[in-house]
Structures are given as structure tokens and as C-alpha cells.
Amino acid sequence: MSAEKVEQKQNDAKIKAIICPSMLSCDFSNLSIEAERMVKNGADWLHMDVMDGHFVPNITIGPVVIKWLRKSHENVFLDCHLMVSDPMKWLEPFAKSGANQISYHYETQRTMQEHRQIIDKILSLNMKASIAVKPKTEISESSTAGDVEQVPSALQVIETFREKLHQVLIMTVEPGFGGQKFMTDQMSKVQFLRKKYPDLNIQVDGGVNVSTIDAAAKAGANVIVSGSGVFGYKEDNALKPDKAIQIMRDSVNNA
């Protein structure tokens with residue numbers, strides 16, 4: 001194989017930036033219009049934050065909202081982050097409503113079998129599977145000691161189901177509230193995963209904006225969730241979500 005073809009193959013395999021405005025920051029009285037505005041301004045996915053008031057303190061949206069958003073936007077990728085205590089209970093309702101991807105939290109499952117069941121269920125419903133990790137959950141080789149089947153670490157779950165997982169979501173704030181500050185110390189997790197899995201989609205969510213995107217991109221994140229960082233971004237006192245999305249895309253692609 002020529003050097004040119006090798007280089008082309010490497011470029012084709014390189015992960016791409018995926019920018020996901022968090023609809024939690026939109027005007028919910030105009031949800032469909034806001035979704036269309038984000039798509040027209042360059043969004044790749046729409047990130048839907050689902051909170052149950054139990055796993056996290058707040059309550060946000062459920063399957064019915066996804067259903068109506070899907071009705072108005074047939075082709076948009078709906079990336080649903082389930083911050084709920086019993087994600088298995090909600091998989092079928094979200095699948096029927098039109099969700100494309102489900103991120104469930106590692107912390108909601110105990111055994112490897114439970115993780116296996118929920119990941120396989122997501123895939124059987126024709127959705128993509130993603131696992132989310134809270135800031136206090138460790139991801140490192142040192143966290144892999146113990147009973148793999150009964151008390152698997154986050155890394156052991158990711159390693160076991162790598163071929164089934166479409167992405168790993170690293171929370172860069174404590175889940176449950178918008179507008180928190182970006183936790184730079186979580187970038188060590190991103191760096192570790194990027195080194196171990198060069199072609200893995202690694203999503204970061206929480207406090208990401210045009211000021212913090214470079215830290216996330218350099219660490220290896222390629223799937224970027226941003227709420228107020230996109231919806232509230234201004235230049236010359238004018239809202240410019242398209243500029244925020246482009247700045248974040250360029251940062252990832254040039255990292």
C-alpha cells in the first residue's frame with residue numbers, strides 16, 4: 001500500500017467532531033422551532049437531558065417530548081441522556097418515541113450481567129448504546145481489581161462491551177443541573193480513554209463552551225454537549241449559535 005493510501009486510510013478512521021446542543025437550554029415553549037434553529041446553525045445531534053427527580057434532584061422531560069420532537073424532525077439524531085435510577089424501565093418508551101441513542105449511567109447498574117442486559121436491550125430496540133460516568137466514578141487501570149462479574153468497575157464494563165458501545169459519556173459537572181462550571185480534572189479520564197481506545201466516541205457534557213472546548217478537545221473528546229455555551233453565545237451583543245458550534249468543531253478537528 002502506498003504512503004498516500006495509508007495516510008488516507010488513517011484520515012478516514014480519524015474520529016470526527018460531533019456537536020450536540022443541549023436542548024435543556026432552549027426555550028421549551030418553542031421546542032420544535034429551537035430544534036430547527038440548532039440544526040440550521042450546524043448541530044450534528046440534539047442532546048436531550050432526561051432527569052427523574054431521583055437519580056438527580058431535578059425533573060425534566062420524558063418520552064412524550066421525544067415523540068413530538070421526532071414528529072417535527074424526522075431525520076435529526078436524538079441523543080438521550082437518561083439521568084434516571086431505573087433506565088431499563090424507560091428503554092422501550094424512548095425507543096417507541098424515536099430516540100436514536102441512549103446513555104445510561106454506569107452507577108445505576110451493579111453487576112456485569114445487569115450492564116449486559118441493558119446494553120443488549122438498547123441494541124435490540126434499534127438504538128445506539130452509550131454509558132455515562134459521573135465525576136466521582138473512577139476510570140483507571142487501578143480501579144479494575146475485584147470481582148469482575150459482581151462488582152465491575154466502569155473501565156471493566158467499557159472494556160467488556162467496547163464493540164457494543166457507540167460512545168462513552170464523561171460528565172464534566174455533577175449531573176442534574178445546567179450552568180455549572182467545567183471540571184478540568186475530568187480530562188484525565190478522557191485522556192486515558194482516548195489513549196486506550198483511539199476510535200471511540202468520547203462525549204463530554206457539562207460546562208463546555210468556547211472557553212473550555214480546547215481543554216476537552218486536546219484531551220481527546222470528540223462528541224461535545226453544550227447548552228448555554230451554544231444557545232447563549234454572543235458576538236457584538238447578537239446571539240451567534242452557529243459561531244459557537246463552528247468554534248467547537250474546529251477545536252476538535254484541529255486538536
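Biologist: What is the hand of the crossing in which helix 3 passes helix 4?

Modeller: Helix 3 crosses helix 4 in a right-handed way, a word used when the near helix is turned clockwise from the far one (left-handed: anticlockwise by less than a right angle). This is a predicted model, where local features need pLDDT of at least 70 and side-chain atom pairs pLDDT 80 or more, while totals for chains, interfaces and linings use all residues. Residues are numbered from 1 along each chain as its sequence is written, and side-chain values use heavy atoms, without hydrogens or water.

Biologist: Why are helix 3 and helix 4 called roughly parallel?

Modeller: Helix 3 and helix 4 pack at about 15°, with axes 8 Å apart. Axes are lines fitted to C-alpha atoms, for helices over the stretch in contact, and angles between N-to-C directions run from 0 to 180 degrees. Under 35 degrees counts as roughly parallel, over 145 as roughly antiparallel, 65 to 115 as roughly perpendicular, the rest as oblique. Helix 3 and helix 4 are therefore roughly parallel. P63, V64, I66, K67 and R70 of helix 3 meet W90, P93, F94 and S97 of helix 4 (contact: heavy atoms within 4.5 Å).

Biologist: What makes helix 2 oblique to helix 3?

Modeller: The axes of helix 2 (residues 31-40) and helix 3 cross at roughly 55° and come within 10 Å. That angle makes helix 2 oblique to helix 3. In this contact, L31, S32 and A35 of helix 2 touch V65, L69 and S72 of helix 3. By class, the contact of helix 2 with helix 3 has four nonpolar, two polar and no charged residues (nonpolar: Ala, Val, Leu, Ile, Met, Phe, Trp, Tyr, Cys, Pro; charged: Asp, Glu, Lys, Arg; polar: the others, Gly among them).

Biologist: How do you know that helix 4 and helix 5 are roughly parallel?

Modeller: The axes of helix 4 (residues 87-97) and helix 5 (residues 112-124) cross at roughly 5° and come within 10 Å. Helix 4 and helix 5 are therefore roughly parallel to each other. P87, M88, L91 and E92 in helix 4 meet Q117, I118, K121 and I122 in helix 5.

Biologist: Which strands stand at the edges of the sheet, and why?

Modeller: The open sheet has eight strands in the order 1-8-7-6-5-4-3-2, with parallel pairing (at least two DSSP bridges make a pair). Strand 1 (18-21) and strand 2 (45-51) each have a single partner strand, so one side of each lacks a neighbour in the sheet. Helices (H or I, at least four residues) and strands (E, at least two) are DSSP runs, numbered from the N terminus.
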